[in-house]
Amino acid sequence: MSNASDPRFARPGHPPATITEFEGVRSLHLGTSWVQGSMRLARPDAIELEYVQMMMMWMLFLPDPRRIVQLGLGSAALTKFCHQRFPQARVTAVELNPNVIAICRDYFGLPPDDDRLDVREMDALDFVMDDANHGTVDVLQVDLYDEEARGPVLDTPEFYAACAACLKDGGVMTANVFGDFSNYDKNLDAMRDAFDAVVWLPEVHDANIVVIAFKDAPQIDFAVLYERAADIKRRYNLPAKNWVNGLKEWMRDHAG
């Protein structure tokens, strides 16, 4: 199944958005075979891909966020989940490609904007550089790729410094660092300069590595984190114990 010729999702000046379906899973593409996001048709409100689930790792540290911002809409899995499961939070999604926004509305169950949901067609760099957004965000989720999925579109020290500036005290950023291995060190070095603490989890899927970056380094008590992980599994059906195991493994590998 494909909608390659559908003009609603092929506005010029941006890669066209298309879909494929296989074994009950609908996937988003931007004019190439790269999967930009997926949704299981039988569970449209669940987060299908493991690395995207991992982007919710901030839940271990911030159970009650008031403002969640997603940079890069993908198939809207994170935006939908946050909007639905955190009714106390305002959710903003920033997406440069209008074709992605349109196809998410029509094929991936992205609801219309309301008093808590704000989907903006704009450049993520403009959003984070805007002083009006500084100090306003509890959780920032960054998953920014072009149609070739070679690596993060925005990966400069200036970008990550602006991401950190958007966070409130105690705020957390999760980011998917994907692509060539040369990208990893470049991104991690820039994040380390901008944030108080930066941790990354083991690669889970097609070279996606999820990083969690803290505005202020947290006190980590693994007994508490495993309790929170069990609660997250029970309430949200997310594999949070794996996240804690990954954090523990990272801290063991980077001790001293």
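Trainee: Is D138 buried or exposed?

Mentor: D138 counts as buried, because its relative accessibility is 13% and the cut-off for buried is under 20%. Keep in mind that this is a predicted model.

Trainee: Which residue does D138 form a salt bridge with?

Mentor: K168, and the closest N and O atoms are 3.4 Å apart. D138 sits in strand β7 and K168 in strand β8, so the pair ties together parts that are 30 residues apart in sequence.

Trainee: And how accessible is K168?

Mentor: K168 comes out at 28% relative accessibility, so it counts as partly exposed.

Trainee: How many salt bridges does the count come to?

Mentor: Twelve. One of them pairs D106 with R8, with 2.6 Å between the closest N and O atoms.

Trainee: Where do D106 and R8 lie?

Mentor: D106 is in helix α3, residues 98-107, while R8 is in the segment before β1, so this pair ties together parts 98 residues apart in sequence. As for accessibility, D106 is partly exposed at 44%, and R8 is partly exposed as well, at 43%.

Trainee: Which residues are joined with R8 into one network?

Mentor: D6 and D106: salt bridges that share partners link them with R8.

Trainee: OK, switching to helix α6. What does D189 pair with?

Mentor: D189 forms a salt bridge with R192, the closest N and O atoms being 2.8 Å apart. The two are three residues apart in helix α6, which spans residues 181-194, and that means about one helical turn separates them.

Trainee: What are the relative accessible areas there?

Mentor: D189 has 41% and is partly exposed. R192 is partly exposed too, with a value of 41%.

Trainee: Last topic, D155. Where is it found?

Mentor: D155 is in the loop between β7, residues 137-142, and α5, residues 157-166.

Trainee: Buried or exposed, and why?

Mentor: D155 counts as buried, because its relative accessibility is 10%.

Trainee: What does D155 touch, leaving out residues up to four places away in sequence?

Mentor: With those left out, D155 touches Y160, N183, K186, N187 and A190.

Trainee: And how far is D155 from L144?

Mentor: Their C-alpha atoms are separated by 9.4 Å, and D155 and L144 are eleven residues apart along the chain.

Terms used. Residues are numbered from 1 along each chain as its sequence is written. This is a predicted model: local features need pLDDT of at least 70, side-chain atom pairs count only at pLDDT 80 or more; totals for chains, interfaces and linings use all residues. Side-chain values use heavy atoms; hydrogens and water are left out. Helices (H or I, at least four residues) and strands (E, at least two) are DSSP runs, numbered from the N terminus. Buried means under 20% relative accessible area, exposed over 50%, partly exposed in between (1.4 Å probe, protein chains only). Contact means heavy atoms within 4.5 Å. A salt bridge is a side-chain nitrogen of Lys or Arg within 4 Å of a carboxyl oxygen of Asp or Glu.
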